[in-house]
Amino acid sequence: MEQLLKGIAEDFFQIRKEKPLIQQITNFVVQNETANMTLCVGALPVMVWEIEEVAEMVTHAGGLLFNVGNITWADSMIVAGKKANELGVPVVLDPVGAGATKPRTDAIKRIISEVKIDIIRGNSAEIGILAGAGGKIKGVEAVGGTEGILDAAREYAKREGFVVSVTGAEDIVTDGERTALVKNGHPIMALVTGTGCMSTTVTASFAAVQKDYFRAAVGALVAYGIAGEKAAAESGDRPGTFHTLLYDSIYGLTEEEIIGGAKVEFTVPSRA
Amino acid sequence: MEQLLKGIAEDFFQIRKEKPLIQQITNFVVQNETANMTLCVGALPVMVWEIEEVAEMVTHAGGLLFNVGNITWADSMIVAGKKANELGVPVVLDPVGAGATKPRTDAIKRIISEVKIDIIRGNSAEIGILAGAGGKIKGVEAVGGTEGILDAAREYAKREGFVVSVTGAEDIVTDGERTALVKNGHPIMALVTGTGCMSTTVTASFAAVQKDYFRAAVGALVAYGIAGEKAAAESGDRPGTFHTLLYDSIYGLTEEEIIGGAKVEFTVPSRA
Amino acid sequence: MEQLLKGIAEDFFQIRKEKPLIQQITNFVVQNETANMTLCVGALPVMVWEIEEVAEMVTHAGGLLFNVGNITWADSMIVAGKKANELGVPVVLDPVGAGATKPRTDAIKRIISEVKIDIIRGNSAEIGILAGAGGKIKGVEAVGGTEGILDAAREYAKREGFVVSVTGAEDIVTDGERTALVKNGHPIMALVTGTGCMSTTVTASFAAVQKDYFRAAVGALVAYGIAGEKAAAESGDRPGTFHTLLYDSIYGLTEEEIIGGAKVEFTVPSRA
């Protein structure tokens with residue numbers, strides 16, 4: 001475990017050294033927030049979604065992120081994703097609101113069937129629904145219980161060959177064999193829109209510098225979760241102030257804070 | 001009056017209990033801000049605008065908001081609005097920039113003619129122009145006097161059968177019979193884009209839990225205005241800081257602050 | 001020089017007196033931020049991009065800004081731009097990501113060929129590439145050296161007949177004859193997305209009240225850069241807090257701060 005945490009801290013600072021371009025085809029609600037989160041972890045964001053330029057842009061990218069908050073760009077995602085697959089650029093998918101409407105669920109499934117996804121990061125309802133285990137979603141928020149999500153995520157990862165990252169009160173990351181629980185983060189994050197989307201951005205930034213995507217996904221949630229805890233402690237119960245401090249917090253994160261603050265458990269023997 | 005204010009405070013906390021989904025087809029300038037405002041009053045936002053999924057999304061919604069900052073989604077609004085009318089979901093319209101261009105004015109009038117609107121919330125120029133009483137708009141801002149707007153709003157409410165909510169230095173809310181002036185708020189709000197749009201979001205959140213839409217519209221402007229005053233007092237003459245504190249302020253609002261801080265007057269005998 | 005700086009301070013406060021409408025066809029990542037920046041310098045923003053209304057909106061505008069972050073609106077820009085040219089409304093272009101992809105570079109060149117641009121404001125890679133002098137861009141960020149950019153900018157300004165404003169560690173503004181270096185600003189600005197786009201917004205606001213576009217472009221970078229320095233000093237090394245304070249800072253700027261804080265040098269004799 002100690003070695004994993006040291007590795008996570010290394011990956012975190014590696015992002016600043018490499019400054020990978022993280023290309024994000026994402027929804028219009030949180031573009032600004034996820035771009036700023038990308039900058040604060042040391043990567044460079046580019047948010048273009050136009051189908052005529054997304055594939056060419058991938059040739060400069062270190063990571064490609066799809067956030068399906070707006071389903072209109074599914075075709076752009078597929079075009080960009082095929083190029084990323086060809087070039088070995090990691091692809092991270094945020095299946096926003098899967099299950100909320102049929103066109104939305106269909107669009108997400110189509111992307112998964114046409115592009116090789118490396119990491120999928122969603123809430124328990126989104127992942128549960130896509131994995132076929134069920135779940136209840138209200139708009140884009142998971143509501144209700146999360147029983148069975150751990151097994152469902154593991155099976156889904158095995159079946160699809162990607163890393164599954166489920167965020168919630170307690171996060172789950174699994175590649176089908178290794179499974180980690182990440183207990184970092186803070187409830188106030190639910191009061192700021194896009195905190196889930198930002199965790200996906202951090203995940204894509206880690207994946208751009210760390211080819212063990214399980215480690216990348218765990219590392220992202222650890223670093224982001226600790227940043228959230230720090231910002232929450234500093235801001236009190238004030239969501240606007242918390243939002244501002246979240247950027248400060250992740251930007252200023254130290255190796256000691258990452259290693260000392262990580263709350264990770266393995267539920268099966270880890271090879272990490 | 002005391003009873004009305006107690007009712008407003010009840011409605012405010014009822015939003016947090018019910019956590020209604022507020023579906024918002026809105027402009028891209030303020031999506032993030034209005035989503036965060038929705039969360040801070042205790043409701044859940046969903047901001048999809050794609051015509052193929054808006055009607056299905058309404059089946060989960062407690063309120064539907066149209067913000068016509070971008071006229072491109074007029075058709076999506078009409079599709080979603082018809083579904084909302086069928087299901088009894090309250091529909092709140094923000095006629096951004098009515099009168100600024102002909103296509104814009106036409107789009108707004110088309111929405112009003114095809115969907116039963118429950119509350120319309122705009123500035124004095126937007127409402128004046130739509131009501132046929134005239135007004136002067138510069139981009140999306142009302143400029144010039146507001147004489148006659150009170151009578152125009154009352155007539156407009158009576159004619160169209162919706163609640164008219166006019167924000168400005170002094171707000172007017174009327175259902176054609178009851179008319180209230182709300183004197184809460186602060187001039188610094190004009191230095192942050194989307195403060196009008198956010199007041200509409202709060203209005204939709206109140207309407208999701210309070211079927212007396214006159215009371216809902218008054219309550220929203222009272223709560224939002226008091227939050228604005230608190231944030232202004234804490235931030236000094238600093239618009240960026242004010243913007244951040246506005247979320248904190250409405251999130252932390254207490255029953256005492258609402259009842260003690262409300263500045264409401266009735267201009268005709270109230271039945272509330 | 002002293003006279004130029006006094007003029008810049010005058011222009012800055014003239015914006016608040018005139019409150020010009022700054023029409024911005026811009027990308028969806030930074031619409032909110034640039035609208036707020038517009039308000040904080042005392043102008044009024046309007047962000048519509050729909051082709052059916054942009055020309056009519058120009059009839060109310062004091063300045064027109066194109067930010068080509070999303071190339072989809074190139075046609076809207078051309079329609080609005082032709083109207084602005086006809087009416088004498090200044091047109092300011094932000095060629096976001098020029099050189100990053102071919103469709104993007106082509107769209108930007110097409111806009112320049114069809115609309116008379118008054119000021120172009122970009123980073124050294126964007127301007128270098130458009131000027132034919134080369135440059136290296138990663139997404140929308142200039143990477144690598146900026147040798148030769150001063151001469152390239154001057155030649156480009158002369159050839160195209162517009163003012164060229166190149167921002168970076170040290171800014172360059174030239175109309176082909178006069179050339180100024182502006183050394184205001186702070187490195188933390190690179191950690192907030194849209195700080196370049198916001199400088200273009202301030203430029204358009206200055207151009208709306210000052211027909212000497214060289215002076216307008218210099219003034220905008222001076223005022224914005226000083227505001228950035230103040231916000232950086234107050235926020236420490238914290239990008240989220242800096243972002244919030246940037247609005248406060250430019251809103252509260254005084255004549256003394258502008259004149260005392262300006263770091264401008266002329267590289268050729270100035271006629272200003």
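What follows is a short walk through this predicted model, from the way its copies are arranged down to single residues and back out to the contacts between chains.

**Stop 1: the axis**

Color by chain and pick out chain A and chain C.

**Stop 2: inside chain A**

Now select Ile22(A), which sits in strand E1, residues 21-25 of chain A. Is Ile22(A) buried or exposed? Its relative accessibility is 0%, so Ile22(A) counts as buried. Show what surrounds Ile22(A): beyond its neighbours within four places in sequence, its contacts include Thr38(A), Leu44(A), Val46(A) and Ala208(A). Gly63(A) is another of these contacts. Although Gly63(A) is 41 residues away from Ile22(A) along the chain, their C-alpha atoms are separated by 4.8 Å.

**Stop 3**

Step back to Lys19(A), in the loop between helix H1 (2-18) and E1 of chain A. Why stop here? Most residues other than glycine have a negative phi. Lys19(A) is not a glycine, yet it has a positive phi of about 45°. At 43% relative accessibility, it counts as partly exposed.

Jump to chain B and select Lys19(B), in the loop between helix H1 (2-18) and strand E1 (21-25) of that chain. Here, too, phi is positive, near 45°. Lys19(B) is partly exposed, with a relative accessible area of 43%.

**Stop 3: where chain A meets chain C**

Show chains A and C together. On each side of this contact there are 29 residues. About 2400 Å² is buried between the two chains, and carbon and sulfur atoms give 57% of that.

For a close-up, select Glu234(A) and Arg238(C): they form a salt bridge, with the closest N and O atoms 3.5 Å apart. Next, highlight the elements that give two or more residues to the chain A side: helix H2 (31-40), strand E2 (44-46), helix H3 (54-58) and helix H10 (239-251). H2(A) gives the most, with 6 residues. By class, this side has 16 nonpolar, 5 polar and 8 charged residues.

Do the copies use the same or different surfaces here? Only 7% of the interface residues of chain A are also interface residues in chain C, so the copies meet through different surfaces.

**Stop 5**

The area buried between them is about 2400 Å². Select Val29(B), Lys138(B) and Leu191(B): together they supply 22% of the area that chain B buries against chain C, more than any other three residues.

Then zoom in on Asp248(C) and Arg238(B), a salt bridge whose closest N and O atoms are 4.0 Å apart. On the side of chain B that touches chain C, helix H5 (102-114) and helix H10 (239-251) are the elements that give two or more residues. H10(B) gives the most, with 5 residues. Color that side by class to finish, and you'll find 12 nonpolar, 10 polar and 7 charged residues.

Key
Residues are numbered from 1 along each chain as its sequence is written. Chains are lettered from A and ligands numbered from 1 in the order in which they are written. This is a predicted model: local features need pLDDT of at least 70, side-chain atom pairs count only at pLDDT 80 or more; totals for chains, interfaces and linings use all residues. Side-chain values use heavy atoms; hydrogens and water are left out. Contact means heavy atoms within 4.5 Å. Helices (H or I, at least four residues) and strands (E, at least two) are DSSP runs, numbered from the N terminus. Buried means under 20% relative accessible area, exposed over 50%, partly exposed in between (1.4 Å probe, protein chains only). Buried area is the accessible area (1.4 Å probe) that two parts lose on being put together, summed over both. A salt bridge is a side-chain nitrogen of Lys or Arg within 4 Å of a carboxyl oxygen of Asp or Glu. Ala, Val, Leu, Ile, Met, Phe, Trp, Tyr, Cys and Pro count as nonpolar, Asp, Glu, Lys and Arg as charged, and the others, Gly among them, as polar.
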